[in-house]
Amino acid sequence: MASDLEERVRAAVRDKLLLMKIPERENDFLPSSCCLLEKQRELAEVEKSFLATKEEFQKKTEHLQQRRQELEHKEGQLKQAILKFDKFLKENDAKRNRAMRKAEQEKQQVAEKEVEAEHLKQELARLMTAKTKLQQRLAAHKPFSEYLQKVLGKTEQFQEISELIGRFQTLMATQASLVQREQVAREAVEEERRCLQQYMDESSNRILQQNNLVAQLQGQLEQSQAKFLELESNWICIQNTAADKTLELGQIKLAALNLFQMVAKHRKLPMNVPQEDTEAQLDVVQLCVEDLTAALADFRKGQPPQASQPEKPVPSQASTSASQSQLLSRTQSLHSK
């Protein structure tokens, strides 16, 4: 920085010398050596002025440097002071907050103490009132105390009034316990009596229901017996009818069997039909009757009619078939029955 300033000063001096004009009259009369000396003198003055300026500049520079260091030192001190002041403000705020909180707490404590003091005053007043009442009761019960003292003096079982009162309290507690037990027993008896009455009522209702049920069942039994007698009589009738029908069926089967045997013997047919198969037997008889009817019809067609002799009634095929069908139907009905 100093070398730059020196170069600038030299350049300024040099420019100043170039700009300086020597008067024409003096140049005309003074020799060149004088001019040179004059120039050297001016140059020495300029150099002297430059050195003075340089020295002054150096002094100012040193002073500025020193001033700058002092300012930096003061700036550091100021920063430290600001930090300390900031810290002081924070601590002061914290102290103020703590003090405010403490003051608030103390204020609250004072209010609580005042409330507590008010409560204590009320409690004291209540206790004083109770004390007055107790004193009045003590004064009222004083004759009893004197009476207990007299009783204690006459008896030898107790030594102090507290023992006598304890015995009395024990007897009172025993009496209360006995009264309570008696009350419980009475309540239990009442409960049992109520349960007994309820049971008797329920039993009466149940007996009445059972009687009604017995009467209903008795009626049903009588109806069942009457129905049984009716069914029994019907069954006897059915058995009698079945016996008659069975007899009739046997007679019909026997007649059919006789007809079958007669037909089979007359036409010399094999006896391979079972005796129980009445329908097959009647079928054989029907075939035989149809054959005889057809043969009789053919025979009548070939023989001339005779007026003197009355014609014998010959059962027609239709009547034979009708009688056979009637016999079969009766047989089937008897089988079904």
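**Close-up views of a predicted model**

**View 1. Arg193 and Glu190 on helix α4.** Arg193 and Glu190 lie 3 residues apart in helix α4, so about one helical turn separates them. Helices (H or I, at least four residues) are DSSP runs, numbered from the N terminus. The two residues form a salt bridge, with the closest N and O atoms 3.6 Å apart. A salt bridge here is a side-chain nitrogen of Lys or Arg within 4 Å of a carboxyl oxygen of Asp or Glu. Arg193 is exposed at 51% relative accessibility, while Glu190 is partly exposed at 45%. Buried means under 20% relative accessible area, exposed over 50%, and partly exposed in between (1.4 Å probe, protein chains only).

This is a predicted model: local features need pLDDT of at least 70, side-chain atom pairs count only at pLDDT 80 or more, and totals for chains, interfaces and linings use all residues. Residues are numbered from 1 along each chain as its sequence is written, and side-chain values use heavy atoms, leaving out hydrogens and water.

View 2. Glu72 pairs with Arg68 in a salt bridge, the closest N and O atoms being 3.5 Å apart. These residues are 4 apart in helix α3, about one helical turn. Glu72 is partly exposed, at 44% relative accessible area. Glu75 and Lys79 also meet in a salt bridge (3.9 Å, N to O). They too sit 4 residues apart in helix α3, about one helical turn. Glu75 is partly exposed at 42%. The structure holds 10 salt bridges.

View 3. Phe85, Phe88 and Leu89 make a nonpolar surface patch of about 300 Å². Patch residues have over 30% relative accessible area and no salt bridge; nonpolar side chains (Val, Leu, Ile, Met, Phe, Trp, Tyr) are joined within 5 Å, like charges within 9 Å. Areas come from the Shrake-Rupley method with a 1.4 Å probe; for residues, only the protein chains shown count as cover. Phe88 belongs to helix α3 (residues 32-154) and is partly exposed at 47%.

**View 4. Confidence along the chain.** The chain averages a pLDDT of 77, and 78% of the residues score at least 70. pLDDT is the predictor's confidence in each residue, from 0 to 100. Residues 21-29 fall below 50, with 3 contacts beyond near neighbours in sequence. Contact means heavy atoms within 4.5 Å.

Technical notes
Helix = DSSP H or I, 4+ residues; strand = E, 2+ residues; numbered from the N terminus.
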